[in-house]
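Here are some notes for your first look at this protein. Keep the structure open and check each point as you read.

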Amino acid sequence: MLIYPIECVHPGHRHYSKSERTYVALITSRMDRHLWYFQDSESRWDGPYSCVDNYIFRLHVFSEKNASDSTSNTNTLEELPPSLTFVDLGVWRVILERPNSYFVIPGKQTLQLWRDTIISISGILLQFFHDLLRIINPWTFAAFLIAHLWTGIDGALRLHLESRALDTIERSFTSGSPDLREIGLAITQRVLLLVVSSVIYWFMYRIQPVIKNAIKLHFQKRILEANLNQDFTTCQDNSGKINADASEAFYCFSEVLDTADLIFSVITQVGFVLNFSRNQEQGFVFAMLCIAKPIMSAIDTKSLWDKTFVAHITNAAYNRSTAMFSLATGSENKQEVLTCGLEDYIAKEYTKASNECEGIPDDYPSTLYGLRNTPFRDVCIELMGELPTIYYVASCLSQPSKFSISTLAMLHQTATSLRWTFDRIASQNNNFAQYMNKIKSIYDSISAKHENKEELFTYPPSGKDRNEGMNVEFEDVSFHYPGTPSNKLVLKSLSFTLPSSSLVVIVGANGSGKSTLVKLLTNLYKPSTGTIYLDSKPSTTYISSSLFHYLALLTQDHSIFPVPMLENITMGDPDCEEGEERTRRGKESARLGGAFEAIEKLCVKDELKEGKPKEDGWDKVLHPVQSVTCSHWPMPEGQLKDVMDKIEKQLDLSGGEKQRVAASRTFMRLLSGRTKLVVVDEPTSAMDPEGELQLFNNLRSMRHGKTMVFVTHRFGHLTKHADLILCMKDGELVESGSHRELIEKKGEYHKLYNIQATAFTEDVVTPTNPPSSRTNTLNNEG
Ligand SMILES: Nc1ncnc2c1ncn2[C@@H]1O[C@H](COP(=O)(O)OP(=O)(O)OP(=O)(O)O)[C@@H](O)[C@H]1O
C-alpha cells in the first residue's frame, strides 16, 4: 500500500498507525475531500543555521479550490518570530534572519561571515586535521599538501619567468643584437617549470582517489557507529536524523586546501606585483587598479549563501505538478496508477498545475536572490575592470617614450592573473562557509548522544528465575509522541500488570494505541509520565542494550535485509556461534516460521558464474545493494545489455513469504533460549489462514519461560489461549480480563468480537450447512 506524494502528514513527523495509512491513501485517491498538503520541512539548505534551523513548518490544509487556485504563493507558516523575515523568490519562500539594520556597509556582511565562520569552526578544523593525520599516511599527507600548495606558487612563478623572457626578448629587439644565452636560459627555465608542474599535478591527481577513499571509509565507519548507537526516539525525530555524508569529508578537506592555495596565490602574486611595480613608474597604482574590481565584487556580493536561511516551495501549483510527475514516474506507484486508471487524470492534473506556474522561476533561491540586484552595481563593477587599461593608455599618451610592449604585455598578464585569483576569492568565500558547515554537521552527527541518561542496571536483575518470563507492570503510564506539537496523548493513564510467563492479547479499534503500547513495552519509547516496571525495576533504569537482549519483537513492518536469506534469519540471534550450529538453527527457524519452502524455491542457476550448477536459495540476496552502473541509460540492445540484465536480475518473494522470513528471524531469537518477553504485533496480515494458524501455534509452543504479548484484530486463534486480554479504545484501557469475563461484560470487547463472529455465521451458508443450522463457531469458542 502506498501513500501518494500528495499526502496528509502530521507536522514534524511522518508516522501513521497502520489503518491511518489506508485512510490517507483513500482520501488522496478519491479526492472528494480536502486535499491535505505538506510543505517539506526536510528540504533544507546548507548554510550557517541558527534559529531558522529548528523552525517547524505547520501543516496546511488547502481546500481543492485553494489547491487549484494557487498561482500566488500561499503563506503556509505559523506566524514568524520577530527575529525572522521572509522574501518570495519565484516558487520559493526564503525565511531569513531579519537584519539588525537596513543600512549595510558594503562588504561588512562578508567580512563578518568570514570572521564568524573562522571563530566557530577553528576547533572543529583542528580536530578534523588531527583525524586526517591518523587516517592518511603522514608522508602521503605531506606530499599531497605540498602538491596542493604548489598550485598557489605556480601562478606567480610563471608570471616571473614570463616577465623575464619578455624583457630579454624586448631588449634584444631594441638593441639589435639578440642575447641568445639569456633567451635560451629564460625558455629553459619556463620549460622546466612546466615539466615540474605537470609531474606535481599528475602525482596529486593520482593519489587523490586513494586519500579520498581513506577519508570516506573512516567517516562512514563513524557515521555507521553513531547510527547504531542512536536510540529509537532520537532516530524517529526528523531533527535527530544522522544525515551526514561521509564522502563530503574529502571535499571539505579539499576545500580547506583550496583556500590555503588561494591565500598562497594571493600572497605570491601580490608579492610579484609589488616587486614588478617597484621597477615600473606608476606600476603600483596600476596594480591597485587591477585588483579594484575583483575586491569590490568579492566583498559586495549579493548572495544568499552569506545569510542564514531556510527556503521552501510555497507555490502550491508547482508542488502539485511535482507530485503528479513523481506519481507518473515512480515505479512504486505504477501498479496503483494502472489499476485505478489514473493515466489521463494525472496527465490532466499535471498540465493544469504546470500551466498555472508557467513563468514563475524555480531556479535555486540563491540564484534568484542574486538576480534582485540593480544593473547599477554591475555597471559600476564592470567599469572598474576597465580602469587599468584606461590608466595605462593615458600614461603612455602623456609620456610616449616610456611605452614598452613587454611591460604592457606583463601588466596585462598580471592584471588577468590577479583578477582571476580575486574572482576565486569571491566564490571561495561561499564555498568555504558551506564546507565548514558540512564538517561541523559531520562531527555533530557522529557525536549524537543517547537520550536515556539514567541507565544503571543490566537486565535481568539478580535473583531472576531463569525459567520465568518478564513481569511487566504499567503504573499510570501516559504517552505522547516526542515532537508532536499538540502533545496529544496517544496513551492515557494506563495501569495494568502482565504476570510473568503469561500469554496476553491486546485488541482494540484502529488508532486506539496498540502498536504504541508495544513500543513502550519493548522499551523503544519511554513513557511521558508514569512508570513501567520490568521485573520490579523501572524500565528506564536498565541499560537498553541489555534489555533488548532478552526481548523478541515481531511486527508487520519487519523487512528483508540486503544479505543472504540464511543470514536474514540467523541475524535474529547474532550471538549464535558461527558454523554448522548456526546453519542448523537458521534452517530450523525457517521451518518454524514457515519460510523453509519459499527459500528453497529461490534456488536458481547463476548464469554469470560458469560451471556453478545452482546457487543455493539460502545464499540468495533478495534485495542486493545496487552494484551496477552503465554509461547509457537505457542501455542500447546488444551483448553489453545482456550482461547488464543478468547482473541486475532480481528475484523476489511474495508479501506473505517475506512475513514468514521475518517470523523465522524471531524464531531464531527464541531458539537462543534467553528471550523473556515476546511481543508480536500483527505480523500475519499477508499470510494465508493456514500459515497464520501454524505461526501462532509454533509461537505458543515456545512460550515456556516467556511472557508473550500478541496484538491482533483476528481474535479466533489466540483469545481462547489468552491468560489476559487488554481491550484498548482511544488510548485508554477500557477492559481487561479473560475472554469469558469480557464476553460476559458485553462491552467494547464483546462488540468487536461479535462483529467478527457475525461475519462468519451470516456468510458461511452451504448446502451442508443450511441457514437454520448456522453454527456460531467463534461464539462456541467463548
Ligand atoms: N510516530 C508517531 N508520531 C505521532 N503520532 C503517531 C505516531 N505513530 C502513531 N501515532 C498516532 O498514535 C495513534 C495510535 O497509533 P497506533 O499505531 O498505536 O494505533 P493502533 O491501535 O496500533 O492502530 P492500528 O490498529 O490501525 O494499527 C494514532 O492516532 C496515530 O496517529
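1. Start with a term. Contact means heavy atoms within 4.5 Å. With that in hand, look at Ser589. Leaving out residues up to four places away in sequence, Ser589 touches Ile569, Ser664, Phe667, Met668 and Leu671. One caution before going on: this is a predicted model.

2. Stay with Ser589. Its place is in helix H18, which covers residues 580–593. Is Ser589 buried or exposed? Its relative accessible area is 0%. Buried means under 20%, so Ser589 is buried. Its side chain also has a polar atom 2.7 Å from the backbone oxygen of Arg585.

3. Now step back to the whole protein. There are 26 helices and 15 strands. The protein has 782 residues, and 43% of them are buried. Take the contacts with a separation of 6 or more. Of these, 75% join residues 24 or more positions apart.

4. Next, find helix H4 (residues 138–175) and helix H5 (residues 180–229). Their axes come within 9 Å and cross at roughly 160 degrees. Angles over 145 degrees count as roughly antiparallel, so H4 is roughly antiparallel to H5. The crossing of H4 with H5 is left-handed. Which classes of residue make up this contact? There are 19 nonpolar, eight polar and six charged residues.

5. Helix H9 (residues 316–329) packs with helix H11 (residues 343–356). The angle is about 150 degrees, and the axes are 8 Å apart. That makes H9 roughly antiparallel to H11. H9 passes H11 in a left-handed crossing. On the H9 side, the residues are Ala317, Arg320, Ser321, Met324, Phe325, Leu327 and Ala328. They meet Tyr345, Ile346, Glu349, Tyr350, Ala353, Ser354 and Glu356 in H11. By class, the contact of H9 with H11 has nine nonpolar, two polar and three charged residues.

6. Turn to helix H21 (residues 655–671) and helix H22 (residues 689–701). How do these two helices run, parallel or antiparallel? Their axes come within 12 Å and cross at roughly 10 degrees. Angles under 35 degrees count as roughly parallel, so H21 and H22 are roughly parallel to each other. H21 contributes Arg660, Ala663, Phe667 and Leu670 to the contact. H22 contributes Gly691, Leu695, Asn698 and Leu699. The contact of H21 with H22 divides into five nonpolar, two polar and one charged residues. You have met Phe667 already: Ser589 touches Phe667 too.

7. Ile267 deserves a look. It is found in helix H7 (residues 247–278). Now compare sequence and space. Ile267 and Gly152 are 115 residues apart in sequence. Their C-alpha atoms are 8.8 Å apart in space.

8. Finish with Cys630. This residue lies in the loop between helix H19 (596–601) and helix H20 (639–648). Its relative accessible area is 25%, so Cys630 is partly exposed. Apart from neighbours within four places in sequence, Cys630 is in contact with Met635 and Met644. Cys630 and Met644 are 14 residues apart along the chain, and 8.3 Å separates their C-alpha atoms.

Definitions and conventions:
Residues numbered from 1 in each chain as written. Predicted model: local features only at pLDDT ≥ 70, side-chain atom pairs only at ≥ 80, totals over all residues. Heavy atoms only, no water. Helix = DSSP H or I, 4+ residues; strand = E, 2+ residues; numbered from the N terminus. Buried < 20%, exposed > 50% of the residue type's maximum accessible area, 1.4 Å probe, protein only. Polar contact = N/O pair within 3.5 Å; in protein donor to acceptor, adjacent residues only side chain to side chain. Axes fitted to C-alpha atoms, helices over the stretch in contact; angles between N-to-C directions. Parallel < 35°, antiparallel > 145°, perpendicular 65-115°, else oblique. Left-handed = near helix turned anticlockwise from the far one by under 90°. Nonpolar A, V, L, I, M, F, W, Y, C, P; charged D, E, K, R; others polar.
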